[in-house]
Amino acid sequence: MKGQDLINTIIPDEVLIKVFRHLDGQKSDRDSCALVCKRWYRLESASRHTIRIGASDSPDGCIGLLVQRFSDLRCVYMDERLPVSLKQNLRFHLGTGLRSCRTTIAGSSSSRQTLKRNHSTEKHGTEEAELESRNLSDLGLNVLGQGCQRLEKLSLIWCSAVTSLGLASVAQHCRVLKALDLQGCYISDQGLTAVGEQCKQLEDLNLRFCEGLTDRGVTAIAIGCAKTLKALGIAACARITDRTMEAVGVHCHSLEKLTLDSESVNDVGLLAIAQGCTALNYLHLQCVNVTDEALKAVGRFCISLKTLILCSFQKFTDRSLQAIGNGCKTLNVLSLSDCYFLSDQSLVAIANGCSELKRLELNGCHNIGTNGLESIGRYCRLTELVVKYCQNIGDSAFLEIGNGCTQLQALHLVDCSSISDAAICYIAKGCRNLKKLHVRRCYKVGDEGITAVGRNCRHLTDLSLRFCDRIGDDALISIGNGCASLRQLNVSGCYRVGDVGVTAISKGCPLLIHLDVSVCQNVGDMGLAALGEGCPYLKDIVLSHCRKITDIGLGYLVKHCTKLESCHMVYCPSITAAGVATVVSSCINIRKVLVEKWKVTQRTRRRAAPVLTELCLEV
């Protein structure tokens with residue numbers, strides 16, 4: 001009956017909250033629901049547990065508004081690299097809570113005044129104070145801690161104005177905190193000690209680029225959160241040494257994940273970790289002073305290890321990987337980057353001992369060659385393989401990969417000068433379930449290899465052939481004929497690709513959502529017209545440095561590709577201000593247009609301002 005609210009009289013609160021929670025990840029939908037009525041506003045506010053905001057442009061006030069608007073936040077992610085406009089982005093969503101929250105923030109509780117006084121004593125100079133007023137401060141953290149006492153996850157990425165006082169306030173109020181990310185924060189030992197004393201349920205701690213910390217602070221965490229700590233990340237903390245690692249090894253027997261990038265940690269620290277944290281299943285190391293002795297201990301004691309990532313090691317040899325192969329039988333992921341002293345013997349040992357290996361990455365390991373990768377193909381069943389800057393790996397290695405790793409789904413090849421069409425053909429014939437193929441600057445790979453992919457890999461969804469200058473239209477014709485599920489295509493720098501190849505893609509790949517044809521000088525208006533007719537789901541297109549594309553081609557494209565969100569067209573001399581205006585006015589979902597500033601008229605700028613943040617760039 002007209003004038004009656006049938007929905008609210010029938011649906012109980014519990015059902016509405018359950019519906020709102022199914023909209024997690026759909027922020028705009030949840031915001032719309034909150035505007036239906038006061039009841040929906042209240043229930044949506046109480047049911048939202050996660051929020052992500054930038055930590056610039058008055059974030060302290062933003063925090064106050066958020067804790068008023070959302071009363072049961074469990075996860076708060078702040079990143080100072082992401083700007084947020086309080087007036088433009090929050091006034092609409094926070095609604096009636098704005099005025100009451102201003103009163104709350106302006107309140108003068110003794111603890112808040114104390115924090116403000118202590119925080120201000122650390123500031124020097126008018127310009128610095130003005131700059132830091134636009135950053136999250138201890139005052140904002142205090143408001144967050146008081147308003148979100150059930151907080152479980154807190155991320156403060158590059159929040160440079162936050163000090164130990166604010167962190168101590170959060171620790172005092174948020175006793176159930178389980179995950180804390182302080183990447184790039186200049187926190188001292190005092191703040192970390194408070195976390196160790198108050199947050200006894202802490203499981204995950206990230207301290208990357210926390211230059212103010214020493215062994216004392218992390219040791220307090222190791223002692224205070226000994227029973228619960230499962231994941232620890234430390235990078236570029238020059239004053240954290242072997243003492244910290246020894247404390248973690250002695251106390252944190254439940255540690256499962258360790259990321260360590262340090263020049264101050266030697267064998268002593270890593271030996272303590274290996275012997276004390278035997279439950280370790282993820283280990284990411286970039287420690288130039290660690291030798292074979294430490295990694296042999298990892299292979300001996302950490303038998304549950306599933307992921308091992310080793311970067312820039314200069315003091316260990318094949319003996320380390322032989323120990324890993326002998327001890328870590330359940331290893332699933334192995335990544336080796338810039339490990340110059342490893343040879344084929346390392347991969348042979350891994351192949352013989354780690355039959356469950358699923359993902360292998362070789363990056364800049366110049367002494368590893370064809371024989372090592374052949375062993376992997378014979379004994380392991382990879383689903384993903386990444387080979388970068390390895391000049392000694394040849395085609396025959398991929399014959400073994402194609403024969404043995406038939407379930408391979410992703411292959412990445414970058415700057416591998418010894419790999420040719422033969423390698424791609426071996427993969428295409430043997431790995432018919434391949435879904436992702438990325439090849440960059442492999443100058444011996446041409447149409448023959450990619451044609452084989454089109455004939456055999458029917459499930460391919462992501463293809464990137466950046467700067468492979470032997471790739472032309474014949475390759476794209478084959479992909480268009482055989483890969484109907486293709487959703488992402490990048491042929492940037494493939495100067496032989498033209499309108500014929502793009503037209504073939506448009507006819508055979510109707511699900512395409514991303515296309516990069518930048519620096520393809522032979523792509524013109526005919527290709528764009530074909531894309532408009534055949535690829536209605538296209539969201540992102542990169543046309544930069546395509547000299548033959550004009551306003552006419554853009555008009556054909558945007559007329560039918562109504563879902564377009566991003567368009568890059570820098571250094572396209574035949575595109576004028578009229579073409580830019582066409583894109584902005586015709587695509588209702590457009591979010592980003594990258595173009596020279598002089599091609600944007602005042603009218604276009606006024607029209608685009610509400611929805612575009614990066615329209616005008618000086619190039």
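# Close-up views of the predicted model

**View A. Asp60, Ile63, Gly64 and Val67 of helix H5 meet Leu139, Gly140, Val143, Leu144 and Gly147 of helix H10.** To meet here is to be in contact, that is, to have heavy atoms within 4.5 Å. By class, this contact of H5 with H10 has five nonpolar, three polar and one charged residues. Nonpolar covers Ala, Val, Leu, Ile, Met, Phe, Trp, Tyr, Cys and Pro, charged covers Asp, Glu, Lys and Arg, and polar covers the others, Gly among them. Two packed helices are described by the angle between their axes and the distance between the axes. For H5 and helix H10 (residues 138–147), the angle is about 10° and the axes are 8 Å apart. Axes are lines fitted to C-alpha atoms, for helices over the stretch in contact, and angles run from 0 to 180 degrees between N-to-C directions. H5 and H10 are therefore roughly parallel to each other; angles under 35 degrees count as roughly parallel, over 145 as roughly antiparallel, 65 to 115 as roughly perpendicular and the rest as oblique.

The structure is a predicted model, in which local features need pLDDT of at least 70 and side-chain atom pairs count only at pLDDT 80 or more, while totals for chains, interfaces and linings use all residues. Residues are numbered from 1 along each chain as its sequence is written, and side-chain values use heavy atoms, with hydrogens and water left out.

**View B. Ser71 sits in the loop between helix H5 (59–69) and strand S2 (75–83).** Helices (H or I, at least four residues) and strands (E, at least two) are DSSP runs, numbered from the N terminus. Leaving aside residues up to four places away in sequence, Ser71 touches Ser45 and Ala46. Ser71 and Gly147 are 76 residues apart in sequence, but their C-alpha atoms are 7.4 Å apart in space.

**View C. Asp13 and Arg39 join their side chains in a salt bridge (2.6 Å, N to O).** The pair links distant parts of the chain: Asp13 is in helix H2 (residues 13–21) and Arg39 in helix H4 (residues 38–47), 26 residues apart. A salt bridge is a side-chain nitrogen of Lys or Arg within 4 Å of a carboxyl oxygen of Asp or Glu. By this rule the count comes to 14 salt bridges. Asp13 counts as partly exposed because its relative accessibility is 28%. Arg39 counts as buried because its relative accessibility is 17%. Buried means under 20% relative accessible area, exposed over 50%, and partly exposed in between (1.4 Å probe, protein chains only).

**View D. Arg319 forms a salt bridge with Asp292, with the closest N and O atoms 3.2 Å apart.** This pair too links distant parts of the chain, since Arg319 lies in helix H17 (residues 318–327) and Asp292 in helix H16, 27 residues apart. Arg319 is partly exposed, at 48% relative accessibility. Asp292, with a relative accessible area of 5%, is buried.

**View E. Lys599 and Glu596 form a salt bridge, the closest N and O atoms being 3.7 Å apart.** Both Lys599 and Glu596 are buried. Elsewhere, salt bridges that share partners join Glu44, Arg48 and Arg69 into one network.

**View F. Helix H15 (residues 267–276) is mostly covered, with seven of its 10 residues buried.** These residues are Asp267, Gly269, Leu270, Ala272, Ile273, Ala274 and Gly276. They pack against helix H14 (242–251), strand S7 (257–261), strand S8 (282–286) and helix H16 (292–301). In the whole chain of 619 residues, 54% count as buried.

**View G. His412 lies in strand S13 (residues 410–414).** His412 counts as buried, at 14% relative accessibility. Not counting residues up to four places away in sequence, His412 touches Glu384, Leu385, Val386, Val387, Lys436 and His438.

**View H. Asp415, in the loop between S13 and helix H21 (421–430), has a positive phi of about 50° although it is not a glycine.** Most residues other than glycine have a negative phi. Asp415 counts as buried, at 16% relative accessibility.

**View I. Tyr571 has a positive phi of about 60° and is not a glycine either.** Tyr571 lies in the loop between strand S19 (566–568) and helix H27 (577–586). With a relative accessible area of 40%, Tyr571 is partly exposed.
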